[in-house]
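Q: I'm new to reading protein models. Could you walk me through one, feature by feature?

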Amino acid sequence: MSGAQHECVPVLEVESLSRSFGGVRAVDRVSFTLFSSELLAMIGPNGAGKTTCFNMVNGQLRPDAGAVRLNGRSILGLPPRSIWRLGVGRTFQITATFASMTVRENVQMALVSYHRRSRALWRPARDHYFDEAMTLLERVGMDRQYDRACGVLAYGDLKRVELAVALANEPRLLLMDEPTAGMAPRERMELMQLTTEIVHERNIGVLFTEHDMDVVFAYADRIMVLDRGQLISEGPPMAVRSDRKVQEIYLGGSAVYGTEPA
Amino acid sequence: MFLVASGLSIIFGVTRIVNFAHGSFYMLGAYIGYTLVQAIGSTAIGFWAAVLIAAVAVGAIGVVMEILLLRRIYRAPELFQLIATFGVILVIQDVALWVWGSEDLVGPQAPGLKGATSILGKPIPEYDLALIAISPLVLVGLWALFKLTRWGTLVRAATQDRQMVAALGVNQRWLFTGVLFLGSALAGLGGAVQIPKGGADLLMDFNILAVAFVVVVVGGMGSIFGAFWAAVLFGILQTFGIQILPNSTLVLMFLVMAVVLIFRPWGLLGMPETLGQAHPGPPEQPLRPALPRVRALGGAVTALLLALPIGHLVFPELVGVFTLVLVIEIMVFVLFAAALHFIMGPGGMVSFGHAAYFGGGAYAAALLVKFADAPFELAFWSAPVGAALLAFLFGWFCVRLSGVYFAMLTLAFAQIAWAFVFQDMPGSVLKTFGIADEFGTPLKITGGDDGLNDIWPSGWASTRIAYYYIAVGLSVAALWIMRRFLYAPFGYTLRAGRDSPLRAAAIGIDLTRHRWLAFTLSGAFTGLAGALFLFSKGSVFPTTLEIARSFDALLMVLLGGVQSLFGPIVGAAALTWLNDLFSVLSYWRFLLGVTIIALVLLLPQGIVGFAGTRLGRRLQLARPEEITA
């Protein structure tokens, strides 16, 4: 059932994850497994529980019940920063970078933190992991703008910087919340193409949420559909697209471009 | 207490301006009320009319301040508004001094309420009962105003979401003006009604300000009911506190605030701060190594400082003793301001109570000299160590909060430290246990108001020139060390946490710890400044810990420009110099206040920020891309 081409190593295993907010089951017994080198998309209408699910995996939110394992090790109840240390990179729906630093310094900060040097008091920060940062920036195509302040970058470029930052801790798993939100259509495809290449090179598993169905069906190896907290469909894009239940949700509620049966 | 606090709370809630001048409005209310009562207050009606007119008059003054000053700086960073209102405090202080003189005014008793009623066998002045009745009345009035009128609805809406209200086509300008009138009038009312009890004096503004801040913070920013309950709570505490620990009401109050804020960081009835409003204005520029010209300038200044005593020896009439003393003082405050900037600029933690570590360090050293006969060298270094320990302790509570709440908690801790020294807490504890010296007189530890005197550097460092070199050398070294820290990964991590806490957490940074460490380091450097201050003056007084001292440091940083590492240095030098220049004049506070307001209006980026724009381009002190205007 996996879409991974290389090896079928499970990176992230989620078992009957549940969480309620004041009686509403935001996420209800959701289980899935993510393999290395695979892009798994999580879609569903607004309020389906995507963000809640996401935040329970990255440690921002404590689940009521269920299990989350990273490379076979339980990460339940760990704070986000410990989870990060175990090899989980993140990008945000609205980019979060350090606006008062240059592109390179942003990546250097992530490297500094990864190597536990953030309390170093003497040697200037610019001399820490200079080459490593440049290598990462080269990979995402931002090496030529390395010295610009993040506060003045174009949005699409910021997304690339975030990707480079997310790669700094050599992650096994990448969590991307709406990676292409707020980008122009061409930029979206370019960013996802880049992500796919990197993921395959480094054998990383990707879990992402996305509203743009073009992106989802073009780049996801596998798709999970959530509705009202429950996992209602899961499988390769073709199978999900023809799933009756999925069609009902999207066509019955508000029709979303790209989900019509092929 | 409630009246003043609710006014402050309303103003903050709607305009997001922390109005430092609020205490001054309270004071003005008292003075104006006093004058009016003298004129027309002989009858009961006249008295209450006078009180009301005083409130309205103060409200009008608030409106004038809003139109002339605040309106121009709503878009400026929050801190700039703080300085501007601080300038207003200084101006009002001198105006009050000029109009009413420096004598404390004792208020007349309220006509018709002169007697005392006996309740449970204790005489209670009738006027107190009237006061007890007024607060709930005003509370109900405010509640009706906010719930039942269209204006009130708009104000409540603006408290919750300013942008939305603006999008709905409400003219915010008049809304804000109205709010300032109401808030100021409440402060004026508070000041006027307490004339029969406390009269009017020139220290009222700072005294009430600290109390009002505590009430507002404990109650929750922008919450009127919160302010009411907090005021009631403190009223009760004060009454009972006096019976249990007579000397400790102030400390008790601030302790309560600390406890409340630890468990409910947003006050009893407050809401969490809305995110995303924290950073108006353009983001800071990335840190770059200093340009050759800037380095050369720094080197030249250092060389000049080192050469000054030689100039004193060669041309005594040109470079007098006074110049050396002034330079020492400037260096002390440069160090103090730079240490504050260390957490304030890169860390985004605005401390309102940094004087605690300045005075705390000085007292640590002074006590060691007085009671342990410590040699100068040991006592001197105990100041930064002592201040660091104090910052380590206080910091543990503070660094968990952010923004205005952080500022208020640091203020509270500074007031605790101040009260500790001012009321000679260790001394009164010893007295309680009956410990006294061989003559049976109670021991003084911190000396209270009298401070600790006759503490001078020992032999080799006691000449003026030797001490000059110690002060200048240590401050320059400390400045350089702090600069290294900020350019190192640690400083970058602090800035990372300020720029985006979300991203910082996502790359595995434990922000709380870094902020705590930064707070402690800053405390240590501040303590060093305190030590230099102590041994240059030979004595230390509680004033080194007071709010005004903390604000001085804040002003220095803000005047110089928060976004630049040179800012605090320039700001401190400029302010210390200005202070010195003006202090020979009789109404120097007025001039200083006006200067501050002018600087805020004309140079909203601080002096160095300004240099980075036009002048900087011409002098090649800044890179082209760093020029914002």
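A: Gladly! Let's begin with a helix: helices (H or I, at least four residues) and strands (E, at least two) are DSSP runs, numbered from the N terminus. The expected span of a helix is 1.5 Å times one less than its number of residues. This is a predicted model, where local features need pLDDT of at least 70, side-chain atom pairs count only at pLDDT 80 or more, and totals for chains, interfaces and linings use all residues. Residues are numbered from 1 along each chain as its sequence is written, while chains are lettered from A and ligands numbered from 1 in the order in which they are written.

Q: What span does helix α24 of chain B reach from its first C-alpha to its last?
A: Helix α24 (residues 567-582) of chain B has 16 residues and reaches 22 Å, close to the 22 Å expected.

Q: Which residues of α24(B) are buried?
A: A residue is buried if 20 or more other C-beta atoms, placed from the backbone, lie within 10 Å of its own. In α24(B), the buried residues include B:G567, B:P568, B:I569 and B:L575.

Q: How do I read a sheet?
A: Strands of a sheet pair through backbone hydrogen bonds, either parallel or antiparallel. Here two strands count as paired if DSSP finds at least two bridges between them. In chain A, 4 strands form an open sheet in the order β2-β1-β4-β5, with antiparallel pairing. Its edge strands, each pairing on one side only, are β2 (24-35) and β5 (73-74) of chain A.

Q: How many bridges join β4 and β5 of chain A?
A: Strand β4 (residues 65-70) of chain A pairs with β5(A) over 2 bridges. Look for A:L70, which stands opposite A:R73 in β5(A).

Q: How is chain B divided into domains?
A: Domain bounds come from an automatic or database domain assignment. Chain B has domain 1 (2-263) and domain 2 (292-626). Residues are in contact if their C-beta atoms, placed from the backbone, lie within 7 Å. By that rule, 33 residues of domain 1 of chain B are in contact with 33 residues of domain 2 of chain B. On the domain 1 side, α4 (78-100) of chain B supplies the largest share, 13 residues.

Q: And where the two chains meet, how many residues does each give?
A: Chain A gives 33 residues to the contact and chain B gives 26 residues. On the side of chain A that touches chain B, α3(A) gives the most, with 6 residues.

Note on methods
A residue is buried if 20 or more other C-beta atoms lie within 10 Å of its own, exposed if 12 or fewer, and partly exposed in between; C-beta atoms are placed from the backbone.
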